[in-house]
Amino acid sequence: MQFIRAHVLVCGGTGCMSSGSRQVQAGLEDEIARRGLDNEVKVVQTGCHGFCEMGPLMIIYPEGVFYVSVKAEDVPEIVETHLYKGRIIERLLYREPLSQKSIPSYDEINFYKKQRRIILSNCGHINPDEINEYIAAGGYEALGKALTLMTPAAVTEEVKKSGLRGRGGAGFPTGMKWQFARQSPGEKKYVVCNADEGDPGAFMDRSVLEGDPHRVIEGMIICGYAIGADEGYIYVRAEYPLAIKRLRTAIAQAEEMGFLGKDVFGSGFNFALHIKEGAGAFVCGEETALLQSIEGRRGMPRPRPPFPAVSGLWGKPTNINNVETFANIASIIVDGAEKYAEIGTEKSKGTKVFALTGKINNTGLAEVPMGITMREIIYDIGGGIVDGKKFKAVQIGGPSGGCLPEDMLDLTIDYDSLTAAGAMMGSGGLVVMDETTCMVDVAKFFLTFTQSESCGKCTPCREGTKRMLEILTRITNGEGREGDIALLEDLARGIKQTALCGLGQTAPNPVLSTLKYFRHEYEAHIKDHVCPAGACSNLTGYTITDDCRGCGMCKKVCPVGAIAGEIKERHVIKHKVCIKCGACEGKCPFKAIRKGA
Amino acid sequence: MEQEQRRGSGGGKISGQLQAIFDKYRGQQGTLIPILQEAQNRYGYLPREVIGEIARTTDNPVSRIYGIVTFYSQFHLKPRGRNIIKVCQGTACHVRGGKKILNFIEDKLGIKPGDTTADLRYTLETVACIGACGLAPVLMVNDDTHGRLTTELLPWILDRYK
């Protein structure tokens, strides 16, 4: 038998690939072969480790040494020093930003220490294109247990008891949903996985699908058994080509192994799985719209009831869950509902994967137990704010969520506390903002998004978001009027109460939450015509600093003649004439022109 | 225009080329969107004649297909460039300067989002989020994701796509 003495795991997630992990892996394979080590060292491409900031990432086992920001040029040294001589390469280790201490092992890094990885436990550690690695890590054990030892009713009951709630946003109890679908009369039923992850700032579903696709597939098959469905669809965004590719491979392998197809585990249960590629419409994340889209129509939501559990895909009872929800199922079945429910808070059980992005040091994916505080996520795991700037707000829940200010940082995170604070769990995107982010501009950003993604079926969403966006645009342009805030609030309430689907009902949240916590910024824009963060260009002037040498470049480039000054003397901008085009800023060879309120 | 006319000549040729796609999905449910996706992969966009042929074969009115094509951002009614640049304008990219990246490319190529350069080399588009937020600001050219962008990097990236 061949003896492999070392495994080199190279991250093949989208983040690391775009940082050059493909070249690193190819170089590594060549170098290892050149040195004749290919019989004892194996290179494995894995899914996402979540620490995208430091990519490309590499782990070398058996030592478990964790190298970050690895470049193709580093490969000969890695082979020579680490794999040949057995020495750790100090300069490729991760350094804690505060202590500057280099840390050789994965688990010792603050970013990972506070996490509790269940859903992501395999991501970055197994080869997603190899079903045997998933099985070796305990995969498909849950399916075997469910199919051979449990009745469909018992599986449903177990999921109910676990307290698992939908990870797609609203947090409806998953077990209840399964029970409704199970009890719906009908011979033909469907299981659908919502992988239309469209929230800007969220990429946990993508990483799970790319890094551990079998976990999702296993969850779906178990669901099919529980509710009595024999066919399933995964609806994936077309923007995720790598996830689609890995899913196709995974489905083919599961079919070959007999986990999908006829008579699974000799139980008489049949299950077939298909992939549907989305065609680019955010609203298709809404379940009824998603079903319309699978059926080949415009993805427009319809009123509920009837819920999909009663009349879903092609009018048949259908259960729809999000990627992360399905990824939880296997551990509930294997370890039991009680064990699962030990993690989390009273009403929100288990873990949640958050995507940390924005002005934060450690961007990436973090899986944490429910009930952790926002402060722990942002400072302990996220490593604080970039460039030592001041924290201003964290946006949670994407276009349906809200912005929370600094004094909410100690809020414990669960579905209900977030909703009470005017935000929402949503899919779990956390975008951190510092003092240079304008909150009115952020609200405008989200409204621009929902307004363009509104399907146009119901009037409150179609017209209402447009009017709100017009008001926000005029405020950020410095043309805000007295009464605009009241008008925004009035429109927001109306849309929330009357829109047809979740997209419309939650569209005003970014505006309402910023009005709740950052009203003074709106007032400054409207009354004083000032953008306190210096982000809205119409409300921000340019000034020339003492660094000016009087070269006259800015004067030449200014299209409206707003700059005055003699050669070799400091120039001045005439603010009344300036149109804030910014042309001078880019031209100045001494970087003496600054934007500021 | 010229390209469209060239491709448009001879409806029989089009139906021949589409036949393989129709055969693949025959007898299945909900196949209109996959058929449109594959047809677009073949032609780069959805020419009028192709839509007409799909309507005839799948027994749908052209209006219904037009409704679907205009609903989803993935479908295109105009010819597109050889390289598709998608600049992410998601939240994370927004707070890390995604707008600047877009403006730079607009200036450099002299086109706005949705347009194609005259030599058909590039089509510029925006996308709401490509889920690579850890590397913001990001863009995609065809299937390649490029992250941690700066305006200095852009000319070099764009130049690689001929």
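## How the two chains meet

Take contact to mean heavy atoms within 4.5 Å. On that basis, 52 residues of chain A touch 36 residues of chain B. The whole thing is a predicted model, where local features need pLDDT of at least 70, side-chain atom pairs count only at pLDDT 80 or more, and totals for chains, interfaces and linings use all residues. As for bookkeeping, residues are numbered from 1 along each chain as its sequence is written, chains are lettered from A and ligands numbered from 1 in the order in which they are written, and side-chain values use heavy atoms, with hydrogens and water left out.

The size of an interface is often quoted as the accessible area lost when the parts come together. Here, buried area is the accessible area (1.4 Å probe) that two parts lose on being put together, summed over both. Between chain A and chain B that is about 3200 Å², with carbon and sulfur atoms giving 56% of it. On the chain A side, A279(A), R298(A) and F445(A) lose the most area to chain B, together 18% of what that side buries.

## Charges and polar pairs across the interface

A salt bridge here is a side-chain nitrogen of Lys or Arg within 4 Å of a carboxyl oxygen of Asp or Glu. The count between chain A and chain B is one, and E53(A) and R96(B) make a salt bridge with their side chains at 3.9 Å, N to O. There are also 19 residue pairs in polar contact between the chains, both residues at pLDDT 80 or more. (A polar contact is a pair of N or O atoms within 3.5 Å; within protein, one must be able to donate a hydrogen and the other to accept it, and residues adjacent in sequence count only if both atoms are side-chain atoms.)

Which parts of chain A are involved? At least two residues each come from α1 (14-18), β10 (269-277), α12 (287-294), β12 (351-358), β16 (429-434) and α17 (439-453). α17(A) gives the most, with four residues. (Helices, H or I and at least four residues, and strands, E and at least two, are DSSP runs numbered from the N terminus.) By class, the side of chain A that touches chain B splits into 25 nonpolar, 15 polar and 12 charged residues. Ala, Val, Leu, Ile, Met, Phe, Trp, Tyr, Cys and Pro count as nonpolar, Asp, Glu, Lys and Arg as charged, and the others, Gly among them, as polar.

## A pocket and some cavities

Rolling a probe the size of a water molecule over the atoms shows where empty space is left. The search runs on a 1 Å grid over the protein atoms alone: a cavity is a set of points where a 1.4 Å probe fits but cannot get out, a pocket is an open set with protein on both sides within 12 Å along at least five of seven lines, and lining residues have an atom within 4 Å of a point. Grid points are joined across faces, edges and corners, and a volume is the space filled by probe spheres set on the points.

The second largest pocket has a volume of about 1100 Å³. Its lining runs to 43 residues, with G168(A), A170(A), G285(A), E286(A) and E287(A) nearest the centre. Two or more lining residues come from each of α8 (174-183), β11 (318-322) and α20 (502-506) of chain A, and β11(A) has the largest share, five residues. The lining holds 14 nonpolar, 20 polar and nine charged residues.

The largest cavity has about 90 Å³ of space, and of its 13 lining residues C558(A), C578(A), K580(A), C581(A) and C584(A) are closest to the centre. That lining has 11 nonpolar, one polar and one charged residues.

Chain B has eight helices and four strands, in the order α-α-α-α-α-β-α-α-β-β-β-α from the N terminus. Its C-alpha trace spans about 50 × 35 × 25 Å along the principal axes.

Back in chain A, the peptide bond from Y61(A) to P62(A) is cis, with omega near 15°, and P62(A) sits in the loop between β3 (58-61) and β4 (65-67). Another cis peptide bond joins P305(A) and P306(A), omega about 0°. P306(A) is in the loop between α12 and β11 of chain A, and W314(A) is also placed between α12 and β11. W314(A) has a positive phi of about 45° although it is not a glycine.
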